[in-house]
Structure formats: C-alpha cells, structure tokens
Amino acid sequence: MAIAVSARSLTKSFGRREALHGIDFAVEAGSVFGVIGPNGAGKTTTMRCLLDIIRPTAGEVRVLGLDPRKGGPELRRRIGYLPGELFLEGRVTGRRLLAHYEAVSGPVPPGRIDELAERLGLELDRHTRKLSKGNKQKLGLLQAFMHQPELLVLDEPTSGLDPLVQQEFHAMVREARHRGQTIFLNSHVLSEVQQTADTVAILRDGHIIAVESVSGLREGAVRHVRITAAGIAAHDAVALLSGVPGVGQVEVLESGASVTLSALLEGPIQPLVRILGSLQLTDLVLEEPDLEDAVLKMYTGQRGEAH
Amino acid sequence: MKTTLPLFRRAFFDTWRSTLAWAAGLAGATFLYLPLYPSIGGSAQMHDMINALPAQMTKALNYDQIATGPGYTQATLFGLIGFLLMTIASVAWGAAAVGGDEESGQLELTLAHGVRRVQVVLERALALLLRVLVLAGLVFVLVSLLNGPSQLGIEPGNLFGGTVVFAGLALLSGTAALCGGAVSGRRIYGTFAGAAVGVLGYVFNAVGRQSKDAEWLLDLSPYHWAYGNAPVANGADWAAAGWLWGISAALVVLAAVALERRDVGA
C-alpha cells in the first residue's frame, strides 16, 4: 500500500519547549487520516511541518514521497491546506482571492470554484474581511479543495460551520477520497473525525498515544449494558456477568420477580451475548460505544483503569 | 491559468487605494508649498526673518537654503514634508509586506501554496519599489508643472537627480522596515527599523550640521548622504544615490535569506 504522508521520530522544539516528542505515523494514500487531541497537543504543529511552514527539529517527514523542506512549490501545489486559524483581512473579494491562489497553485478545472461555492453556500463577490467566521472558513475550504490536490491537510475544518454545511463538507471529503485523494485532518471533536476518518491518531502532549481504525477504537470503547432477566437470583446474575471478559462495574438496579443489572463492557460483545443466551431475558439494552469517553480517558492517561 | 509575478500583482494592485491616498497627500503638500515661493522664499522680508532666527535652527530645518527657488523646493518639499510623507508610506508598506502579513496569519496560507519564500520577499519588495517610484514620479511631474508658474527656476536635470535620491531615501526606510518584519515576523519591529532609519537619519543630519565636533554624525545619516549637497539645487550626488539604492537592495536580500531560514508563525 502506498504511503502518502509519514513521520519518523518527528520532533519539534520552540526554544526550550518541546512541542512534539518524536512522533511516528503513516497515512495510506487514498485514505482519511484523522488526528484528535486536546488543545495544545501538537496537532497544528504537525500539520505545519508537513507544509514546510515550520521545520522539524529532528526526525523525518515524507509528504507524497518528498521531504517538504526540499519539495518546494511543486510539492505544495499538490497539497491543499486549510490553516487552523484563518485570517482574511484584505480588501479583496473572495473571487479575486481565489483567482490569486489559482494563479499560484492552479490550475483549477473550469466552473469548479462556482460549483463549490454553491455547495457551501458562499457568496464570492463580497469583500473577505466582511465575511463571517463561517463564511471565511468556507472560503478557506474552497481554496484547499479547488485544485483537487493529491493531499488535503485540513486543520479543524468544520470549526465555525453550521451543521448543514458540515454535512456538505463530509460529502466533499468522501468524494475526494473516492477520487483517490488523501485527507489528513484534525479536530478536537471526536465525532467529526469519527464520521470521516478511516484511521485515527490520538495526540496528547506531543506524543501519539494511539493510532487505531475507527472500528478498532469502537471495539476498545466502553458500552453501557442493562439487562432484565427472570428466574435468576440477583447474586447469581451478578456472578455470571462478572465472569464475562471485559465486563465490569456490575450493579443491581432492581431485584424482585425479575432482576435488573447494569454493567460496563469493554472489548468484543460476543462473549457477553453467549452468556446472555442462557438467561431468560425480558429486556436488553446495549448502548452505542461511547468513543468520546474512551478518548477522554486516553487524553487524561487513565486508559489502564478501565481494564 | 498561469500569470507572471502573481504575488507582485496582488501586493501592488490590491493596495491601490493606499497608493492613491498617499499620492493625494503628496500632491496636496506640493500644491500647498510650492506656489507660496514667490511670496515667501523669494521675498526680502522673509529673508530678514530667517536671518533673525538662530543659525542652529535654520540649519536644522535646512532653511539656510530657502532664498532660492531650488533651495526652497529642496528644503520644504523634498527635505521636510515630502520626505515625511514618503518615509511614512514606505515604512508602512515595508512593515506590512512580510512582518505584518505573518502577524495577521495570512502569510502562512500563502506559503502553503506553490510559492518560494524568496519569491514572496522579492515580489513584495518589487511592489514596494514600484509604489515608491509612482509617488516619486508624481512629485517629479508636479514640481515640473509648477516650476514655471511658481518661479522656482529648477534645472530639469537637477530635479531628476533630486527625485532619484528622494525615492532612494524613502526606499531605504521601507526596505529596512521590510527586513525588520521579515527577520522578526512582527509588524512593529519592521516599523521600528524603518522609522529608526528615517528619524535617526534626519536627527543625525540636523545635529551634525551644528558644529564641527558633531560632523561625524553626518556620515551615519542617509538623509545627509541624499541631501547634503542640496540635489534639487546642485544636482544629485550619484555615489550617494548608489549607496541608498544599493543598501536597499542588500536589505531585501537579507530579508529573503532571513525568511527562508526560519519558522513562520511559530
């Protein structure tokens, strides 16, 4: 499988403060790679290293097979970049600004700018500094997507967008992926990454603490379980459930003619289902895994406690 | 679609309002000062008044020259109000070109596109140069127009030479601002560097002309290199013009090298 972006022991210091402590990752060509992490984790720093806006202190970066430091304008023309904080202050219209970036990084297929503007609901003939935050963000997305680059690097792409436009953005990401473009995006909101990404890297304090597929993340996440069963004593039910691998915090909610228990499940559900099959269930609730919860635990370094 | 010098075009054409405003200011100053010459500079009354002023003051303001048309133009327009306006415009543009653009966060996006950093600095310096030339050219044309009606009696060749050093002096402050901004990534340091060149140059000239002991200050004053021999009256010192333009070019190269070597927006 071809690798579109990779980093090996990528380290970046600003003065005495080390922002990235030697991170490693690889992004398959044609996939969507999401980075999540709390503010200040190093997400933006990583992206800026890919674009040669800042230079790594140590380690190696490869973008579309090249060192960004040496790839020059030719490499950056193959990348679409949306900065995390987008400032567009000039007294120019969106259309003129896009024409400028097209002149620098084009060519852009004819009609593409208008098509994207329409999809995102962006007026191109207004002065950029008069645009709202959301509309500036749309303009930022447009300049990143318009020339259909091989790689899209998007820093907090949906920040400031309303839910409808966010959906449109997700559709744009899917189309880009379908066309074979690689997308490297980051967010501090998990749901965003979860919706679009194939693979998620979790970054905290300049370390990558996990790289997983979204399905893998879901498997590792904790689900809330609630069962009601008849014909079994409460303590027998507790013992039975507690014996299942991955089940913890079993609590009796009600015990009478039937027993209601709640528990947490981490890991695969198959062993639990097998045990439940032996019970006379009257009710079963197996919730969607709470990825947010799982990731928050990783952020704060408490992952081990769930085991 | 491939256009030549895209960054220059954006830096030059998308700021036409600012260029126009400074041009209007310079034109206003020219029309305000020069037509007054027959009634002020040339009059005997004025002559007596200037003789009554302390010698240090007339030297500091270059008013020792204003009894003649070329001297009056040199002292009031090229040496004072025009110098002030041109320097402020040039410093503002120079500081905004890289430092201001980086500070506002816009440079990051530009550099993420298909450009080289050296190219960014050079094309924006070219836009600065051209805008300074537009303003200086305007002053040249207006002074030529007023030369007859205002009885200034300026030799066209001297006016040309004077305009060249006038532009060179403003450009030096502007490129110092550009360089300060490119090295630091901050508009304020660029403004500081550019203003320092302009203000210190002026002050060193004013103080250096007061006494023999302070004369060494004149060698440090770009203002004095440019105007020490009153070029509008006596023709430009072309070696000085070479220094002004040469150092400006060197500052642009330094800015390009500095930006090429450092992190942006960090």
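Modeller: Start with α5(B) and α8(B): they are roughly parallel, therefore under 35 degrees apart. This is a predicted model, where local features need pLDDT of at least 70, side-chain atom pairs count only at pLDDT 80 or more, and totals for chains, interfaces and linings use all residues. Residues are numbered from 1 along each chain as its sequence is written, and chains are lettered from A and ligands numbered from 1 in the order in which they are written.

Colleague: What angle do α5 and α8 of chain B pack at, and how far apart are their axes?

Modeller: About 25 degrees, with the axes 7 Å apart. α5 covers residues 69-103 and α8 covers residues 156-184. Axes here are lines fitted to C-alpha atoms, for helices over the stretch in contact, and angles run from 0 to 180 degrees between N-to-C directions.

Colleague: Is the crossing of α5(B) and α8(B) left-handed or right-handed?

Modeller: Right-handed. That is, the near helix is turned clockwise from the far one by less than a right angle.

Colleague: And which residue classes make up that contact of α5(B) with α8(B)?

Modeller: 16 nonpolar, 15 polar and no charged residues. Ala, Val, Leu, Ile, Met, Phe, Trp, Tyr, Cys and Pro count as nonpolar, Asp, Glu, Lys and Arg as charged, and the others, Gly among them, as polar.

Colleague: How do α5(B) and α7(B) cross?

Modeller: At roughly 160 degrees, and their axes come within 11 Å. That makes the two helices, α5(B) and α7(B), roughly antiparallel (over 145 degrees). α5(B) passes α7(B) in a right-handed crossing. B:Trp93 and B:Met86 of α5(B) are among the residues in this contact, and so are B:Leu128 and B:Arg131 of α7(B). In contact means that C-beta atoms, placed from the backbone, lie within 7 Å.

Colleague: Switching topic. How many helices and strands does chain B have?

Modeller: 13 helices and zero strands. Both are DSSP runs, numbered from the N terminus: helices are H or I with at least four residues, strands E with at least two.

Colleague: How much of chain B is buried?

Modeller: 52% of its 266 residues. Buried means 20 or more other C-beta atoms within 10 Å of a residue's own, with C-beta atoms placed from the backbone.

Colleague: Last one. How many residues of each chain make the contact between A and B?

Modeller: 21 from chain B and 25 from chain A. On the chain B side, α6(B) gives the largest share, five residues. That side divides into eight nonpolar, seven polar and six charged residues.

Methods. Parallel < 35°, antiparallel > 145°, perpendicular 65-115°, else oblique. Contact = placed C-beta atoms within 7 Å. Buried ≥ 20, exposed ≤ 12 C-beta atoms within 10 Å, placed from the backbone.
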